[in-house]
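Visitor: I have a structure to look over. Please take me through it.

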Amino acid sequence: MELTILFGTFVVLLFLGVPIAFVLGISSLATIVYMGMPPLIVFQRMASGMNVFALMAIPFFIYAGELMVRGAIAEKLVRLAAAMVGHFRGGLGLVNVTASTFFGGVSGSAVADASAVGGLMIPQMEKRGYDVDYAVNITVTSAIIALMIPPSHNMIIYSISAGGSISIADLFTAGIVPGLLMGIGLICAWVFVCRDMTVKLQPKA
């Protein structure tokens, strides 16, 4: 019955055009009142769940990613990746994946990764003959590596949601090999996809 109240209130408010943030709050409050739970206690529990100092790491990771973009550090990472793999066939896609791996190891944010690397790589890939759909797809897909490569703030959220019983340092250590394997897998997939493309090769560094 509680789910019926929650879902019914949710649908009615959405139908009336209420903003989604208010819909979630009002429907949850209606369900709490129906179940006879003290709303004050529920709100206190919600606040205590968010009052975790480790969550401060997330905005700082995003801020670090923004500093990298503003300070041209992301551009230098792209140049480093270009010097390593840019001269191979489909090199700009390989640069994209490699730079995303480097960037993810600093920012820990897939959104910052896609914004920084994509802003540099997508125009370059389009200029050298890559289809824009391929350029966007490889950028978005490679940005996901940042969710695995430490320092990933998804791992911090996972540790907090587990009640702090799981070590964040252990999660970071456990993410290194899967993140690198994900990058290698994307490189192999990109080499297979771009083998028949007619694109300009980048000169060796």
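Visitor: How much of the accessible surface of the protein chain belongs to carbon and sulfur atoms?
Guide: This is a predicted model, where local features need pLDDT of at least 70, side-chain atom pairs count only at pLDDT 80 or more, and totals for chains, interfaces and linings use all residues. Residues are numbered from 1 along each chain as its sequence is written, and side-chain values use heavy atoms, without hydrogens and water. The accessible surface (Shrake-Rupley method, 1.4 Å probe) comes to about 12000 Å². The share belonging to carbon and sulfur atoms is 72%.

Visitor: What percentage of the residues count as buried?
Guide: Buried means under 20% relative accessible area with a 1.4 Å probe, protein chains only. The protein chain has 205 residues, and the buried part is 34%.

Visitor: Are helix 6 and helix 8 roughly parallel or roughly antiparallel?
Guide: The axes, lines fitted to C-alpha atoms over the stretch in contact, with angles from 0 to 180 degrees between N-to-C directions, come within 9 Å and cross at roughly 25°. Angles under 35 degrees count as roughly parallel and over 145 as roughly antiparallel. Helix 6 and helix 8 are therefore roughly parallel.

Visitor: Which residues of helix 8 make the contact with helix 6?
Guide: Contact means heavy atoms within 4.5 Å. Helix 6 brings Gly 93, Asn 96, Val 97 and Ser 100. From helix 8 come Ala 135, Ile 138, Thr 139, Ser 142 and Ala 143.

Terms used: Helices (H or I, at least four residues) and strands (E, at least two) are DSSP runs, numbered from the N terminus. Angles under 35 degrees count as roughly parallel, over 145 as roughly antiparallel, 65 to 115 as roughly perpendicular and the rest as oblique. Buried means under 20% relative accessible area, exposed over 50%, partly exposed in between (1.4 Å probe, protein chains only).
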